Amino acid sequence: MNRYQWAVAGVVGIALAAGFILTQTNGSSQEVTKPTVIIGDGEIGPEGMAWIPSGTFLMGSDSELAQPNERPTHSVHVDGFWIDTTHVTNAQFAQFVEETGYITTAERKPDWETVRVQLPPGTPKPPDDVLVPGAIVFVGTNKPVPLNQYWAWWRYKPGANWRHPKGPGSTIENKPDHPVVQVSYEDVQAYAKWAGKRLPTEAEWEYAARGGKEQANYSWGDELMPNGQKMAHYWNKEDTVFPVVNPAAGDGVDTLPAGSFAPNGYGLYDMTGNAWQWVNDWYRIDYFAQQAQKDEASIRNPQGPATSFDPSQPGTPADAPKRVIRGGSFLCDESYCLSYRPSARRGADPYSPMSHLGFRLVKDAPPPGS
């Protein structure tokens, strides 16, 4: 579903919000190579970006944790690239808006042509007073609910946008270093053009997220909490049961400052957890199965499928446009949406910003020492 479906029907149908009951398991993994952390300083490489050397890895996962859209594994080679060490932050996005005057998708009246393709054929155009600027916001519940009723914890809120990620009255004034959220795929592309960068491909993103660890369940290894230590920002199950919001927490759960947890083997922070991340590829639920059928010993620099395909979302055409999102968020829970894993993937409407969805970028620049 998209912003119109939320606003009119009051129900949530975004695939990334749909969770799955998962059981944690300790898989088997190994270091591909011992990574060398190289962070650009503006002279040797772009500032604030890490160098990811070219290499070949097994994309996807055959772990018991993996969902069907992550299977099967297949060998992929990617050329070297630079990638942001953190999500793009509120402060960075604010600079872009200040210099360009850009108005984000959530701040504009929804365009019917971009809405229509996400709806069943023949859906009539709604009245203009329904198509109002806004975005999708996590509101939580005050008591446990069945985990297939995801519409219970999401709302379309007029007035929600990157400056007001939870709707009117919310603010980012004291959160300049938090990931910017409530940005659409279109918004991200505009920022990337201004910054002289681009979105990573799905293969580049996963390769970087693994941090040199071949087929580890998590970007830091196979154990969720080594030595009892939390390694990423996801739902705090010790506080409340998902999606119940503890009244003592005020307005509920939220992002943390970018870089609140230890980096992975390439020096990248929050590749999983904190906020989902847009990547460039169209989303097909069966894309990995298609890739695995190819004859190549190793697929080189895949750019993703030519079209979208996702029949898993009731009320949305299977071929409705969707882009891949990766990494999970602060709303992922061990019992519901275990997506803070390098291989986890979802599809999202390119024009539907959400309160747990941000991005980071890559840059095609000479490798260090060249």
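Buried means under 20% relative accessible area, exposed means over 50%, and partly exposed lies in between (1.4 Å probe, protein chains only). With that in hand, Asp-84 is buried at 6%. This is a predicted model, in which local features need pLDDT of at least 70 and side-chain atom pairs count only at pLDDT 80 or more, while totals for chains, interfaces and linings use all residues. Residues are numbered from 1 along each chain as its sequence is written, and side-chain values use heavy atoms, with hydrogens and water left out.

**Salt bridges**

- The structure holds 18 salt bridges, each defined as a side-chain nitrogen of Lys or Arg within 4 Å of a carboxyl oxygen of Asp or Glu.
- One of them joins the side chains of Lys-197 and Asp-84, at 2.9 Å from N to O. This pair links distant parts of the chain, 113 residues apart: Lys-197 is in the loop between helix 4 (185-195) and helix 5, and Asp-84 is in strand 5. Helices (H or I, at least four residues) and strands (E, at least two) are DSSP runs, numbered from the N terminus.
- Lys-197 is partly exposed, with a relative accessible area of 24%.
- Asp-187 and Arg-108 meet in another salt bridge, at 3.8 Å from N to O. Asp-187 lies in helix 4 and Arg-108 in the loop between helix 2 (90-100) and helix 3, so the pair ties together parts that are 79 residues apart in sequence.
- Asp-187 is buried at 0% relative accessible area, whereas Arg-108 is partly exposed at 30%.
- Arg-345 and Glu-202 form a salt bridge at 2.5 Å, N to O. Arg-345 sits in strand 12 (residues 345-348) and Glu-202 in helix 5, 143 residues apart.
- Both ends of that pair are buried: Arg-345 has a relative accessible area of 0%, and Glu-202 has 1%. Shared partners join Glu-202, Glu-206, Arg-210, Arg-326 and Arg-345 into one network of salt bridges.

- Three strands make an open sheet in the order 2-5-14, with antiparallel pairing; two strands pair if DSSP finds at least two bridges between them. Strand 2 (49-52) and strand 14 (362-363) stand at the edges with a single partner strand each, so one side of each has no neighbour in the sheet.
- Strand 5 (residues 81-84) is antiparallel to strand 14 over two bridges, and Ile-83 stands opposite Val-362 in strand 14.
- Five of the seven residues of strand 9 (residues 276-282) are buried, so this strand is largely enclosed by the rest of the structure.
- Strand 9 pairs in the parallel sense with strand 13 (residues 357-358) over two bridges, where Trp-276 has Leu-357 as its bridge partner.
- Strand 9 also pairs with strand 11 (residues 323-326), in the antiparallel sense and over three bridges.

**Cysteines**

- A search of the whole structure finds zero disulfides, a disulfide being a pair of cysteine sulfur atoms within 2.5 Å.
- The sulfur of Cys-337 is 3.2 Å from the closest cysteine sulfur, in Cys-332, and that is too far for a bond.
- Cys-332 is buried at 1% relative accessible area, and Cys-337 is buried at 3%.

**A buried glutamine**

- Gln-118 is placed in the loop between helix 3 (112-116) and strand 6 (134-138), and is buried, with a relative accessible area of 2%.
- The Gln-118 side chain reaches the backbone oxygen of Pro-321 at 2.7 Å.

Terms used
Polar contact = N/O pair within 3.5 Å; in protein donor to acceptor, adjacent residues only side chain to side chain.
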